[in-house]
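Please look at the sequence and the 3D view before reading on.

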Amino acid sequence: MQAASAPVQIAGNFLGNLVKRRGLILNLVARDFKQRYVGSTMGWLWAFVHPVVLLVSYTFVFSVVFKVRLGPEAGTSNYAIFLFAGMLPWLLFQETVQRSANSMVDYSNLITKSVFPSELIPISIFLSNILNHVLGMLILLVVAASFTGTLSAMIALLPVYIVLLGLFTLGISWLVSSLNVFLRDTAQLLAIVLTFWFWFTPIFFTADRLPERLRFLADWNPLAGIVTAYRDCILLGRWPSGADLARLALISIATFIAGGLFFRHSKRAFGDVL
Amino acid sequence: MGAVHIRGVSKSYPIYDRPSDRLKELLTGNRRSYHRDYWALRDVSIEIPKGTTFGLVGENGSGKSTLLQLIAGILPPTQGTVAVEGRVSALLELGSGFNPEFSGRDNVFLNGAILGLSNREIERLYPAIASFAEIGEFINQPVKTYSSGMVVRLAFAVAITVEPDILLVDEALAVGDIYFRQRCMRKIHELHRKGITIIFVSHSASDVKSLAQTVAWLDQGRLLECGDPDDVIAHYLAFMVNKDSQYRKQSSAAAAIETGTSSPRVTAPEIADRIPNIDFRYGTREAEILGIAILNESGEEIGMLPQKAPVTVRISVRALAPVSMPIVGFMMRNHLGLELAGTNTALEDIQLPSFNAGDVYTVDFHLELPELYPAHFSFTPAISNGTLEAFEVCDLIENAITLQAEKGRVVYGYLHFPCKVRVNAVAKTQVSVAQKA
């Protein structure tokens, strides 16, 4: 507590804790992953089914019914693949944030009855969602490769973006999860914010379709940067813009630190409120 | 490792009218106050050396559980410092820290991980945990299918097997059956021998006396006394009884009817006007129970049931409507809920007068107690209207008062009958031995 003025020490403590508590994190991730499929016969295979269903549905609606054709700037003429590449990072973000919002309340008996490092809960939710994300990614890569015949080496850059997305997502998750402890309306409000956020992010469209005066929506929205970068890497096979990457990294790291500090500050009162 | 230093610790809970006030205060950095303070602990200082078994006693709401939570590091103190040396394993509430959807095994691993054990360490300790919990195949079933006794067995098994330096136990022992309690007691003695510091809360004076080397008595968040268990417990019980009698008001409107005499007569103006506990209450409420008290020969309220001594069960009632044929009585149960004995005015051939609305009566039952197993015994008072064969319950309070029986000599079963033993030998010399039980 006294070390609040030493950022290096805070960061060191946090990282040290991550390493020390890796057993607990793994346990929470396994628990979270299992909890979703607990009691079902197919188990984790459901994690594979969901993205396939999504992709098939998109293909039906946009490629069969609407016959949407895309320009060369999209990287693929298949709208379903284009859309799927944008949906994957968004879903990772949305699910983590949404489930984190209620997580402190869900884990309240652990938080109030044992010495529990509650900051690990959003981390474990993110890691558990990553497993789904990677499955979806594999499907996307296979489909995209079979559709275009090649696979760009640029996909090696994806982990960088996943890490940045993770930092941003965790920052937001810490913020909403601690706010929700004090104000249960947070989770409700979050659902509305996320709806807007989804439609203002270039997922159904490319960022350059935005009118010039609304372009800032894509510039300052880390999700827009991530979605665009995913498409650049997977569909277009080109280097994402370095300036965009720098801005994305800056916002993500800033959000991560701000969310973490807010959580750290408000965490002390969790035991009293929950 | 294992010592606990509590220095000048106070804990206040801010009381907020709205949850959002709390957030406002957090965000404004406590510049403006949006709350009132409730002090759960005030300036408590306790030194607990390594290896001590330390008991905490006090009324409900005296701050015992808060103190355990502070030691466990779940809550931060408002003032003062709590310094704990070593790993703390806390058994704070029944089944807390268990996810009901998951199997006992999964929960063991999660709990171990929370306590900072690696998977390999838990893997190593798991057989010991499973064997101490003795829940058999249930260990692979979801915890929601467990009985409360099974939950506490598993929780206790985890808490003691993870090799803590300090073990905190909050009234968890009260849940298990006698067999399990005895094993827990043995285990606590064993942990004590291993040099583990044990801090526990109990309402059972005999548990505290038999386990603890030092006892602290908390009252309204303050440390009243800390020291030798016999002294502290004696003062604590005396205080509780004294406090209880302060509740009693003198009322000239009360009439006391003594059982055991042929004609009801008015004796003491005293009424019992306190109901220490209500587990469940029902009845028509044509009359209500005002209070119940257990008194000794001199008419003082007692905190423990004596062995082989006369006690008085005093029940005061008030009629809220006319009651033509009132019967007042009680049932005595042991800690497992087994009905041991009971009686009422009709069974003792006492005909109470008809009550008019507003009448207050006190009935004293003078009992000669047998020797009892040193467990908790509860009394359930009732007032009915009618006869032994056909009656309507006006008011009945399940387990209105609970007392611990004093420790006497060994009792087989729940009680010892007054007994005379005579041995006859049909040989050359005739020997007769009369032994008073």
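## A partly exposed loop residue

A residue counts as buried if 20 or more other C-beta atoms lie within 10 Å of its own, as exposed if 12 or fewer do, and as partly exposed in between. The model is predicted. In it, N399(B) has 19 C-beta neighbours inside 10 Å, so N399(B) counts as partly exposed.

N399(B) lies in a loop of chain B. Strand β20 (391-397) is on one side of that loop and β21 (401-405) on the other. Setting aside neighbours within four places in sequence, N399(B) is in contact with N277(B), D279(B), R333(B), S378(B) and T380(B). Take R333(B) from that list. In sequence, R333(B) and N399(B) are 66 residues apart. In space, their C-alpha atoms are 8.0 Å apart.

## Three strands in chain B

Chain B holds an open sheet of 3 strands. The order is β2-β1-β4, and the pairing is antiparallel. Strands β2 (36-48) and β4 (79-84) are the edges, each pairing on one side only. From one strand to the next, the twist averages 30 degrees.

Look at the pairing of β1 (residues 4-15) with β4(B). These strands run in the antiparallel sense and share 5 bridges. R7(B) has T81(B) in β4(B) as its bridge partner.

## α4 and α8 in chain A

Now turn to chain A. Helix α4 (residues 79-101) and helix α8 (residues 158-182) have axes that come within 8 Å. They cross at roughly 25 degrees. Angles under 35 degrees count as roughly parallel, and α4(A) and α8(A) are therefore roughly parallel to each other. Their crossing is right-handed.

Which residues of α4(A) meet α8(A)? They are P89(A), L92(A), F93(A), T96(A), V97(A), S100(A) and A101(A). From α8(A) come L165(A), T169(A), I172(A), S173(A), V176(A), S177(A) and N180(A). The residues of this contact between α4(A) and α8(A) divide into 8 nonpolar, 6 polar and no charged.

## α8 and α12 in chain A

Helix α8(A) also passes α12 (residues 242-267) of chain A. The two axes come within 7 Å and cross at roughly 30 degrees. That angle makes α8(A) roughly parallel to α12(A). Is the crossing of α8(A) with α12(A) left-handed or right-handed? It is left-handed. The contact of α8(A) with α12(A) has 15 nonpolar residues, 7 polar and 1 charged.

Technical notes: Residues are numbered from 1 along each chain as its sequence is written. Chains are lettered from A and ligands numbered from 1 in the order in which they are written. This is a predicted model: local features need pLDDT of at least 70, side-chain atom pairs count only at pLDDT 80 or more; totals for chains, interfaces and linings use all residues. Helices (H or I, at least four residues) and strands (E, at least two) are DSSP runs, numbered from the N terminus. Two residues are in contact if their C-beta atoms, placed from the backbone, lie within 7 Å. Axes are lines fitted to C-alpha atoms, for helices over the stretch in contact, and angles run from 0 to 180 degrees between N-to-C directions. Angles under 35 degrees count as roughly parallel, over 145 as roughly antiparallel, 65 to 115 as roughly perpendicular and the rest as oblique. A crossing is left-handed if the near helix is turned anticlockwise from the far one by less than a right angle, and right-handed if clockwise. Ala, Val, Leu, Ile, Met, Phe, Trp, Tyr, Cys and Pro count as nonpolar, Asp, Glu, Lys and Arg as charged, and the others, Gly among them, as polar. Two strands pair if DSSP finds at least two bridges between them.
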